[in-house]
Amino acid sequence: MIETPAANSKNPLTVVAVLFPGFELLDVFGPLEMFGLLGDRTKINLTAMDLSPVASGAGPQALPDLQISKVAAPDVLLIPGGPGTRSLVEDSRFLEALSLCAEQSKIVASVCTGSALLARTGLLDGRTATSNKLAFDWATLQSAKVLWQPQARWVVDGKFWTSSGIAAGIDMTLALIAHLFDTPTAIETANRAEYLWNQNADSDPFAGGGGENA
């Protein structure tokens with residue numbers, strides 16, 4: 001975990017989001033918008049396997065700032081989900097790079113089926129975690145060693161924060177901001193975004209939805 005509370009640190013909180021072909025747009029840019037609203041208290045970068053533009057599952061591309069092999073121990077590593085996770089769970093080169101980066105990160109936060117990628121690295125073995133409820137059956141197949149939580153908006157186990165589907169990543173990020181700074185800062189951030197923050201990690205209205213779409 002981050003040794004010095006972010007609220008008292010002179011250095012900005014470093015946040016790095018992982019991109020891959022077929023990432024979910026809101027998984028990345030919802031949380032990054034929340035961090036971005038903190039202004040100069042955060043420094044945000046995008047990373048990928050190389051510096052080529054990365055197409056999201058919806059089509060629009062994003063440009064990485066640095067290669068994942070060059071990421072140096074960020075405070076928060078954000079791992080999105082999206083349709084691209086279906087092939088990446090079999091991509092040993094990507095999983096090795098992700099694992100090394102996650103091991104060096106002080107906090108690792110996944111959104112949606114990003115937790116399936118983490119599960120395949122083995123870093124969630126023996127830990128509680130959750131994932132997108134519409135893709136929960138698939139996500140949980142990626143590791144029987146993870147203590148999957150079928151009803152949770154987000155789950156915290158040590159330095160690992162995992163959230164449910166897509167928009168749940170925003171709720172998790174605001175909880176993470178409350179953890180790293182304080183609750184008033186998280187509430188102010190949500191209000192600036194005109195976002196109704198679900199502050200209850202156990203409130204998961206989409207649990208048991210079935211199907212698969214993320």
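## Burial and N132

A residue is called buried when its relative accessible area is under 20%. N132 has a relative accessibility of 4%, so N132 counts as buried. The structure is a predicted model, and the values below are computed from it.

N132 belongs to the loop that runs between β8 (128–129) and α5 (136–140). A polar atom of the N132 side chain lies 2.7 Å from the backbone nitrogen of L134.

## Helix α1

Helix α1 covers residues 25–36, which makes 12 residues. From its first C-alpha to its last, α1 reaches 16 Å, close to the 16 Å expected at 1.5 Å a residue.

The buried residues in α1 are D27, V28, G30, P31, L32, M34 and F35. The elements that cover them include three strands, β1 (13–18), β2 (42–48) and β6 (76–79). Two helices, α6 (168–180) and α7 (183–192), are also among the covering elements.

Strand β7 (residues 107–110) pairs with β6 in the parallel sense, over 4 bridges. In this pairing A109 of β7 is the bridge partner of L78. Strand β7 is also joined to β11 by 3 bridges, and these two strands run parallel. Here V108 stands opposite F160 of β11.

In β11, F160 stands opposite D157. The two strands β10 and β11 form a hairpin with 2 residues between them. G158, in the turn of this hairpin, has a positive phi of about 65 degrees.

## Salt bridges

The count of salt bridges comes to 5. Among them is the pair of D157 and R127, whose closest N and O atoms are 3.1 Å apart. R127 counts as partly exposed because its relative accessibility is 25%.

Another salt bridge joins the side chains of D204 and K133, at 3.0 Å from N to O. D204 lies in the segment after α7 and K133 in the loop between β8 and α5, so the pair ties together parts that are 71 residues apart in sequence. D204 counts as buried because its relative accessibility is 6%. K133 is buried as well, because its relative accessible area is 6%. The loop that holds K133 also holds N132.

R153 forms a salt bridge with D171, and the closest N and O atoms of this pair are 2.8 Å apart. R153 lies in the loop between β9 (147–148) and β10, while D171 lies in helix α6, and the pair links distant parts of the chain, 18 residues apart. Both R153 and D171 are buried. Helix α6, which holds D171, is also one of the elements that cover the buried residues of α1.

## Cysteines

A disulfide is a covalent bond between the sulfur atoms of two cysteines. The structure holds 0 disulfides. C101 is in no disulfide, and the nearest cysteine sulfur, that of C112, is 20 Å away. A disulfide requires the two sulfur atoms to be within 2.5 Å.

C101 counts as buried because its relative accessible area is 3%. C112 is likewise in no disulfide, with the sulfur of C101 as the nearest cysteine sulfur, 20 Å away. C112 has a relative accessibility of 0%, so C112 counts as buried.

Conventions
Residues numbered from 1 in each chain as written. Predicted model: local features only at pLDDT ≥ 70, side-chain atom pairs only at ≥ 80, totals over all residues. Heavy atoms only, no water. Expected span 1.5 Å × (residues − 1). Buried < 20%, exposed > 50% of the residue type's maximum accessible area, 1.4 Å probe, protein only. Contact = heavy atoms within 4.5 Å. Polar contact = N/O pair within 3.5 Å; in protein donor to acceptor, adjacent residues only side chain to side chain. Salt bridge = Lys/Arg side-chain N within 4 Å of Asp/Glu carboxyl O. Pairing = 2+ DSSP bridges.
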